[in-house]
Amino acid sequence: MASESSVRVLGISGSLRKGSFNAAALHAARELAPAGMEIEVYQGLGNLPLYNEDLRAQGFPAPVQDLRDRIKAADALLIVTPEYNYSVPGVLKNAIDWASRPPEQPFDGKPIAIMGASPGVLGTARAQYHLRQTFVFLNGHVLNKPEVMISQAATRFDAEGRLTDEATRGFVQALLVSLKAWAERLRR
Ligand SMILES: Cc1cc2nc3c(=O)[nH]c(=O)nc-3n(C[C@H](O)[C@H](O)[C@H](O)COP(=O)(O)O)c2cc1C
């Protein structure tokens, strides 16, 4: 049971793939969270409709409202993004676009950490910088450092999706410790 001062993090992986490296990285983060932090894994990405302003005009669809409520209730977000064509996958951008609509834009002032995993050598660096740019507009408070870019992902996870690379586990842990301090600092 978390104490009242515990930092509640909503973790969102931007992949719908069953064997996703990014989902696996998010699950590793859950295990590696420091004392006083709990990470809820968001499961609803695939239930969100494609963004359509006509739909929004009729009110937020239930899965969108659920996402917005979870973001609002969280002390911080951990977004784990794949890289698609040098950017953020459409499913993740779609979720952000839905959640970002007024009123009470839920990313405003929210502490956010970003990480990502890719089989390539840059480990989602380009997607992460695009995501940071999106959160400039939304006034999300994205942690600058450490950056966690998990490159050559197939060598860092085992066949069951466990993050086995010790150095990478350390990077993820360091990110979470910094996110906790960041969320506590912004809460004051
Ligand atoms: C449409 C598409 C575009 C991709 N573009 C990139 C890319 O720009 N850079 C990269 O490192 N990997 C790219 N990849 C490979 C993904 O990094 C790889 O599929 C990865 O496993 C996706 O994340 P996941 O394992 O969490 O599903 C792309 C994959 C797809 C399907």
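In this predicted model, a backbone N or O atom of Phe-21 lies 2.9 Å from an oxygen atom of the ligand, a polar contact in the sense of a pair of N or O atoms within 3.5 Å. Tyr-86 also contributes a backbone N or O atom, at 2.8 Å from a ligand oxygen, while Arg-17 brings a polar side-chain atom to 2.7 Å from an oxygen of the ligand. The ligand taken alone exposes 620 Å², of which the protein buries 71%; accessible areas follow the Shrake-Rupley method with a 1.4 Å probe.

Turning to the helices, the axes of H4 (residues 90-99) and H5 (residues 125-137) come within 12 Å and cross at roughly 10 degrees. H4 is therefore roughly parallel to H5, a label for angles under 35 degrees; the axes are lines fitted to C-alpha atoms over the stretch in contact, with angles from 0 to 180 degrees between N-to-C directions. Helices are DSSP runs (H or I) of at least four residues, numbered from the N terminus. Leu-92, Lys-93 and Ile-96 of H4 meet Leu-131, Thr-134 and Phe-135 of H5, contact meaning heavy atoms within 4.5 Å.

Residues are numbered from 1 along each chain, and side-chain values use heavy atoms, without hydrogens or water. Local features need pLDDT of at least 70 and side-chain atom pairs pLDDT 80 or more, whereas totals for chains, interfaces and linings use all residues.

How values were computed. Polar contact = N/O pair within 3.5 Å; in protein donor to acceptor, adjacent residues only side chain to side chain. Helix = DSSP H or I, 4+ residues; strand = E, 2+ residues; numbered from the N terminus. Parallel < 35°, antiparallel > 145°, perpendicular 65-115°, else oblique.
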